[in-house]
Amino acid sequence: MTHARPLRSTTTGAIRGSIRVPGDKSISHRSLMLGAVAVGETVIHGLLEGEDVLHTAAAMRLLGAEAEREDNAQGDGVWRVRGVGLGALQEPAQVLDMGNSGTAARLLMGLVAGHPITCVFTGDASLNKRPMARVTKPLEEMGARFVGRSGGRLPLTVVGSGELVPITYRLPVASAQVKSAILLAGLNTAGATTVIEAEPTRDHTELMLRHFGATVTTERLEDGALAVTVIGQPELTGRTIHVPADPSSAAFPAVAALLRPGSELLLNDVGMNPRRTGLYDTLVEMGADIAFENRRDQAGEPVADLRVKHSALKGVVVPADRAPSMIDEYPVLAAAAACAEGTTVMLGLKELRVKESDRLAMVAEGLTRCGVSVEVGADDSLTVHGTGGTGKGPKGGATVATAMDHRIAMSFLVLGMASEEPISVDDGAFIDTSFPDFVGLMNRLGAKIGEA
Ligand SMILES: O=C(O)C1=C[C@@H](OP(=O)(O)O)[C@@H](O)[C@H](O)C1
Ligand SMILES: C=C(OP(=O)(O)O)C(=O)O
């Protein structure tokens with residue numbers, strides 16, 4: 001990731017085809033981490049081989065597990081993880097570099113906090129700016145120690161313990177990463193560790209912990225919040241995992257197909273966990289023609305095939321309580337909103353400010369450059385005034401800054417497919433963190449994305 005890779009996207013015709021986007025990033029991270037602390041072998045089909053997940057695989061190896069890709073007879077990548085058993089992660093001889101990935105850093109800090117080892121965590125320039133106190137605070141309450149710069153940013157040294165105390169912790173911010181870090185620390189902690197969440201965030205950790213043999217219970221509290229409890233020191237046994245296609249990655253070709261006249265696209269095997277599908281609910285409200293076909297269950301996670309056809313979209317108000325279920329999809333929703341008829345208002349976007357970039361600022365700045373009228377509210381809302389709704393997109397003709405953020409890059413390349421003049425992004429290299437071969441796949445469907 002040393003060289004910037006500027007990319008340009010030019011107005012395209014119909015988007016047509018049948019594809020499977022790469023595996024779910026959240027589930028991929030978790031399958032490597034849990035496989036590493038289980039006894040025996042975990043076999044992972046469809047692991048995302050994006051940079052973020054490869055950083056997790058490398059970290060698990062440094063912590064003593066085996067995690068390798070093998071080519072099966074069909075030529076598909078299958079990963080085998082040989083776990084060390086819970087409590088037996090080894091002290092790594094090197095710094096754990098989590099690259100661009102908040103999920104990898106925060107979840108793994110939780111997992112190692114419950115081990116009697118010391119680990120140094122770092123990341124790239126984007127990750128090292130992101131807030132970590134949200135995980136270090138509850139983990140300190142459990143008995144782990146953290147040493148690092150002031151301000152609670154990486155690089156940080158985690159001094160873990162095999163004798164953490166269980167806590168009950170109410171999340172101050174809706175975050176599956178914080179919830180997961182605490183549950184993973186609770187895994188090697190005697191007793192019951194409970195996380196209370198007022199707003200439902202993605203539950204892949206809970207589902208996968210159960211899949212590996214842990215006891216995880218949920219209880220609805222009087223105030224409507226959900227208490228999630230893990231019982232510590234379970235027997236975790238290696239499992240087979242089938243990773244669904246990532247709904248957050250499918251969002252980009254889906255929006256491209258909605259925007260381009262004549263499009264019909266089939267997206268296979270897309271994860272449909274209800275805590276992830278806020279974007280699709282919103283697009284349907286905007287008038288999107290999306291059929292959810294062949295709904296089924298795949299190793300504990302719901303999946304479906306999505307048939308997406310070009311649609312005239314209308315602006316809507318997206319309520320704040322939908323944010324956790326579509327948190328990574330606001331940039332591409334903003335691209336869709338820019339092409340819709342009327343105004344779209346997205347409420348409650350404060351958390352977008354602490355992602356790989358300040359996504360609220362980067363989206364607003366990029367759209368403005370492309371000739372779209374937007375307002376950012378003092379309440380962290382984003383208002384986008386659409387340019388049409390019948391295939392007519394914004395003016396474009398600009399280069400957009402991406403600030404090391406894959407989703408900003410992909411969102412503006414999708415917008416360039418529908419704008420009057422091409423849209424360039426200053427750096428598409430970070431797309432490899434979550435969606436390897438994004439450009440090749442989009443171009444096979446009909447996009448015109450190339451080097452700028
Ligand atoms: O748990 C996860 O896998 C993730 C949780 C979300 O982050 P937060 O927990 O910070 O909201 C999301 O933005 C991220 O891409 C993946
Ligand atoms: C926010 C994201 O990931 P992470 O927090 O893992 O860096 C993302 O993929 O959009």
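An oxygen atom of ligand 1 is 2.8 Å from a polar backbone atom of Gln 177. The structure is a predicted model, in which local features need pLDDT of at least 70 and side-chain atom pairs count only at pLDDT 80 or more, while totals for chains, interfaces and linings use all residues. Side-chain values use heavy atoms, without hydrogens and water, residues are numbered from 1 along each chain as its sequence is written, and chains are lettered from A and ligands numbered from 1 in the order in which they are written.

View 1. Ligand 1 sits in the largest pocket. A pocket is an open set of points on a 1 Å grid over the protein atoms alone, where a 1.4 Å probe fits, with protein on both sides within 12 Å along at least five of seven lines; a molecule sits in it if more than half of its atoms lie within 2 Å of its grid points. Helix 1 (25-37), helix 3 and helix 5 (176-187) each give two or more residues to the shell around ligand 1. Helices are DSSP runs (H or I, at least four residues), numbered from the N terminus. Among the residues surrounding ligand 1 are Ser 26, Arg 106, Arg 202 and Lys 355, where a surrounding residue has a heavy atom within 4 Å.

**View 2. Polar atoms facing ligand 1.** A polar side-chain atom of Arg 30 lies 2.7 Å from an oxygen atom of ligand 1. For Ala 176, a backbone N or O atom lies 3.0 Å from an oxygen atom of this ligand.

**View 3. Arg 359 in helix 10.** Arg 359 belongs to helix 10 (residues 359-369). Arg 359 counts as buried because its relative accessibility is 1%, buried meaning under 20% relative accessible area with a 1.4 Å probe and protein chains only. Beyond its neighbours within four places in sequence, Arg 359 is in contact with residues including Asp 328, Leu 352 and Arg 407; contact means heavy atoms within 4.5 Å.

Methods:
Buried means under 20% relative accessible area, exposed over 50%, partly exposed in between (1.4 Å probe, protein chains only). A polar contact is a pair of N or O atoms within 3.5 Å; within protein, one must be able to donate a hydrogen and the other to accept it, and residues adjacent in sequence count only if both atoms are side-chain atoms. On a 1 Å grid over the protein atoms alone, a cavity is a set of points where a 1.4 Å probe fits but cannot get out, and a pocket is an open set with protein on both sides within 12 Å along at least five of seven lines; lining residues have an atom within 4 Å of a point.
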